[in-house]
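I opened this entry to keep track of what I looked up, one topic at a time.

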Amino acid sequence: MKVEKVGREMCIANEIAVDEELELKLEMISEAKIPSTVAESDRDGEEMFVPPLNFAMVDNGVFRSGFPDTANFSFLQTLGLRSIICLCPEPYPDHNTEFLKSNGIQLFQFGIEGYKEPFVNIPENMIREALKVILDVRNHPVLIHCKRGKHRTGCLVGCLRKLQRWCLSSVFDEYQRFAAAKARVSDQRFMELFDVSSLKHLPATFSCSNSKSESFTSQGRGWKSYPKY
């Protein structure tokens with residue numbers, strides 16, 4: 001009983017620390033002034049920055065979303081991306097490939113099939129390899145995406161959170177905020193059982209070292225659905 005009580009107290013303390021850190025980021029975003037060039041383009045109707053479906057910031061230099069379309073390219077340019085992690089098995093669309101080439105963005109594709117329950121099969125080795133890409137800051141800023149930015153992306157981000165020593169309750173809460181009514185028990189079971197021990201030697205916290213990524217965060221451009229835990 002004493003051990004369980006200590007474990008619960010540590011979990012609550014960790015959740016409070018995470019909550020305070022994200023509250024601070026939200027305050028920075030809400031208080032930031034949007035550059036006049038962006039505001040003017042919105043007002044004049046010349047150019048609008050449209051984020052991909054379910055776009056959000058995961059950590060400094062790490063973003064997540066659904067599959068980007070041509071309408072999202074101008075927005076993605078503001079991130080100064082170096083890499084994109086695609087978790088879909090289908091060939092990358094030609095217009096997306098051209099966008100990557102023209103902006104010097106490297107594509108890492110891990111083809112995970114988008115099965116529905118009860119036939120979900122998440123390949124642990126692919127998640128592990130994708131995590132190595134995320135943990136290498138030379139690939140930052142990096143965007144993680146699947147089709148809708150819910151299940152496959154949610155599992156990868158959830159495994160990253162385990163490396164960052166998040167409590168399972170916080171990991172599941174973040175997953176559910178994006179998956180909503182489509183949340184899968186099998187995904188949450190995968191995250192719970194995923195073994196991060198072979199990756200613990202790699203750093204799992206990131207600083208704002210990239211100027212464009214840091215500028216994006218400090219200027220408050222873009223998304224409105226930043227999850228709070």
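**Thr-78.** The model is a predicted one. Is Thr-78 buried or exposed? Its relative accessible area is 12%, and buried means under 20%, so Thr-78 counts as buried. I also checked Thr-78 against Phe-49: the two are 29 residues apart in sequence, and their C-alpha atoms are 8.8 Å apart in space.

**The sheet.** Next I traced the strands. Five of them form an open sheet with mixed pairing, in the order E1-E2-E5-E3-E4. Which strands stand at the edges? They are strand E1 (56-59) and E4; each has a single partner strand, so one side of each is left without a neighbour in the sheet. On average, neighbouring strands of this sheet are turned by 25° against each other, direction ignored.

I then went through two of the pairings. E1 pairs with strand E2 (residues 62-65) in the antiparallel sense, over three bridges. Within this pairing I noted Ala-56, whose bridge partner in E2 is Arg-64. Strand E3 (residues 83-86) and strand E4 (residues 106-109) pair in the parallel sense, over four bridges. Here I noted Ile-85, whose bridge partner in E4 is Phe-108.

**Helix H8.** I turned to helix H8 (residues 185-193) and listed its buried residues: Ser-186, Asp-187, Gln-188, Phe-190 and Met-191. What do they pack against? I found three helices there: helix H5 (124-135), helix H6 (151-163) and helix H7 (168-179).

The crossing of H6 and H8 is right-handed. For the contact itself, I wrote down the residues on both sides. H6 brings His-151, Gly-154, Cys-155, Gly-158, Cys-159 and Lys-162, and these meet Asp-187, Phe-190, Met-191, Glu-192 and Leu-193 in H8. Asp-187, Phe-190 and Met-191 are also among the buried residues of H8.

Terms used. Residues numbered from 1 in each chain as written. Predicted model: local features only at pLDDT ≥ 70, side-chain atom pairs only at ≥ 80, totals over all residues. Heavy atoms only, no water. Pairing = 2+ DSSP bridges. Helix = DSSP H or I, 4+ residues; strand = E, 2+ residues; numbered from the N terminus. Buried < 20%, exposed > 50% of the residue type's maximum accessible area, 1.4 Å probe, protein only. Contact = heavy atoms within 4.5 Å. Left-handed = near helix turned anticlockwise from the far one by under 90°. Axes fitted to C-alpha atoms, helices over the stretch in contact; angles between N-to-C directions.
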